[in-house]
Amino acid sequence: DTGLVYDNQRSARQDDGVIRLLPGCAHLAPRPFAAYHPWGAWRSRRQFVGKLSYGVRHLLWRPAVHAQFPQPFRHVVYHLCLAKRRKPFAALPDDVFFYVIHLCRCDDWT
């Protein structure tokens, strides 16, 4: 079973200061959205049971998201792209060049 596990509500909420999990309804039937289950298809006052993991995913540079980065970093990327047309950078394959920019921190250029 890869579904979420719920139990009877024991507290008003689960909160770690960043994410708040509130109680809700749980669907008990083995078939999704089935209207019938011997105990009732929907049970209220249910809360999540288990472990929730989360983390920060930093936005990594690529041409498609260039406009979402700070102006100083975009300025540096622009000038690196201009330099890429000249020797010795011109010999560097584009995918390697973009990968190097992809690994740069955008807040190092302020």
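I am working with a predicted model, where local features need pLDDT of at least 70, side-chain atom pairs count only at pLDDT 80 or more, and totals for chains, interfaces and linings use all residues. Residues are numbered from 1 along each chain as its sequence is written, and side-chain values use heavy atoms, with hydrogens and water left out.

**Fold.** I looked up the secondary structure and found two helices and five strands, which are DSSP runs (helices H or I, at least four residues; strands E, at least two) numbered from the N terminus. Along the sequence I read β-β-β-β-β-α-α.

**Dimensions.** I got a radius of gyration of 25 Å, whereas a compact globule of 110 residues would have one near 13 Å. That radius is taken over C-alpha atoms, and the globule rule is 2.2 Å times the number of residues to the power 0.38. The C-alpha box along the principal axes is roughly 75 × 30 × 20 Å.

**Burial.** I find 15% of the 110 residues buried (under 20% relative accessible area; exposed is over 50%, partly exposed in between; 1.4 Å probe, protein chains only).

**Patch.** I noted a nonpolar surface patch of Val-18, Leu-52 and Tyr-54. Patch members have over 30% relative accessible area and no salt bridge, and nonpolar side chains are joined within 5 Å; a salt bridge puts a side-chain nitrogen of Lys or Arg within 4 Å of a carboxyl oxygen of Asp or Glu. Together the three have about 320 Å² of accessible area (Shrake-Rupley, 1.4 Å probe). Leu-52 sits in the loop between strand E5 (42-48) and helix H1 (71-84), and Leu-52 is partly exposed at 44%.

Definitions and conventions. Patches are made of residues with over 30% relative accessible area and no salt bridge: like charges are joined within 9 Å, nonpolar side chains (Val, Leu, Ile, Met, Phe, Trp, Tyr) within 5 Å.
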